[in-house]
Amino acid sequence: MFATSTLYLSKPALRENVRFIRDMLGETTALVSVLKGNAYGHGITRFAPLAEECGVNAFAVFDAQEALTLQAATKSESRVIVMGMIDDAGIEWAIEHGVEFFVFDPTRLETAARLAREVGKPARVHVELETGMNRTGFDEKQLDYLRDFFERFGDVVSLEGLCTHYAGAESVANHVRVVGQIDRFAKMKNILHAEGVRPKTCHTACSAAAISYPQTRMDLARIGILQYGFWPSPETKIHHLVDQEEHEREDPLRRVLSWRSRVMSIKRVKVGEFVGYGSHYLAQKSMTIAIVPVGYSHGFSRSLTNQGRVLLRGVRAPVVGVVNMNALTIDATEIPDAQIGDEAVLIGKQGDLEISVHSFAEFSDQLNYELLTRLPTNIPRVVEE
Ligand SMILES: *Cc1c(COP(=O)(O)O)cnc(C)c1O
């Protein structure tokens, strides 16, 4: 209630993005909305119901804890898939609640079979194949093992999906590697198929792969960054746009998130004085400084010291001095009528101006993904209809 800043989620923006993604994927590929990293910082609890209102009914998270948060926030019919960490207790809970999970080693698969028998409900698993990322997944030598396993336990372990993940589909620099992964997946899938292992679905695509490699879309696509209104990389954006008709070459994505605070205090500083801690900013003129109660503890990186920008009264005001733990200072000299309580936009639009996550990320040397997921969970998320 008394938070010093708020993260706003735009429902019209999300609706547009979901429409774009569905059009791109086509009718035969279902959308799985990826909500790991607290929905890329947007907040699972607020974002997931909003996505449901926009027609999404399948979600993927990294771990069982996120799945628990998600289940509490969404309709019971929505599909929930854990792509990463889940321990034995988590597996038991998942089986009880119909939550699906990736398996990438025999131990987890066998635990799933044992617990499915104990619980008396099927374990719904997605078998991940190692195709070249060299992170998680069964490799080619384990295909016989998988065949034997599903022969023995196919009654209690339901093979919902066969999947893999690409090691960098957002960059053409990885083209050879990604194409190798696509081929390896097809080959391994065919071997399993010939051995009688029949997954209900195949899925491999993330946002970048879905755009740049249409053959990766298959039955489901696991889409994260696009739904929030960001391109995985500038290359992916260009790849999409050049494929469009001339008159459609507009950016179809809308940013869902904005971040706003209010001016806490205003101060005049004389020429020759330093602003804030240390000697990082020397006033070269007499100045007006506005103090905004957002600092690095709120996710506004300290590396934005003397670098960041904040929108105040329709002006792009530079951050001056060191970003503190709980506050930052901006130069409001050119905004003479600035007042305590004025809206300060950290990310998003004000009037005709916008501060993009991308510009932020440039200054602080972080990826969009990193900056977003570092937004603290305790900043309130509020939906804008
Ligand atoms: C994060 C992730 C995705 C989604 O990636 P985006 O680039 O955000 O679309 C898909 N699959 C897996 C396994 C992931 O970890």
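Let's start with helix 10, which spans residues 234–242 and has T236, H240 and L241 among its residues as buried positions. Viewed along the axis of helix 10, the buried residues lie within an arc of 130°, so they line one face of the helix. Burial here means under 20% relative accessible area. Keep in mind as you look that this is a predicted model.

As for the buried residues of helix 10, their cover includes helix 1 (11–25) and helix 9 (207–212).

Next comes an open sheet built from 3 strands in the order 11-12-15, with antiparallel pairing. Strand 11 (265–269) and strand 15 (328–331) are the edge strands, each pairing on one side only. On average, neighbouring strands of this sheet are turned by 30° against each other, direction ignored.

Within this sheet, 5 bridges link strand 11 with strand 12 (residues 287–292) in the antiparallel sense.

Finally, have a look at strand 13 (residues 309–312) and strand 14 (residues 315–318), which run antiparallel and are joined by 4 bridges. Here V310 stands opposite A317 in strand 14.

How many residues lie between the strands of this hairpin? There are 2 residues between strand 13 and strand 14, and in this hairpin R313 takes a positive phi near 50°.

Note on methods. Residues numbered from 1 in each chain as written. Predicted model: local features only at pLDDT ≥ 70, side-chain atom pairs only at ≥ 80, totals over all residues. Heavy atoms only, no water. Pairing = 2+ DSSP bridges. Axes fitted to C-alpha atoms, helices over the stretch in contact; angles between N-to-C directions. Buried < 20%, exposed > 50% of the residue type's maximum accessible area, 1.4 Å probe, protein only. Arc of directions from axis to C-beta. Contact = heavy atoms within 4.5 Å.
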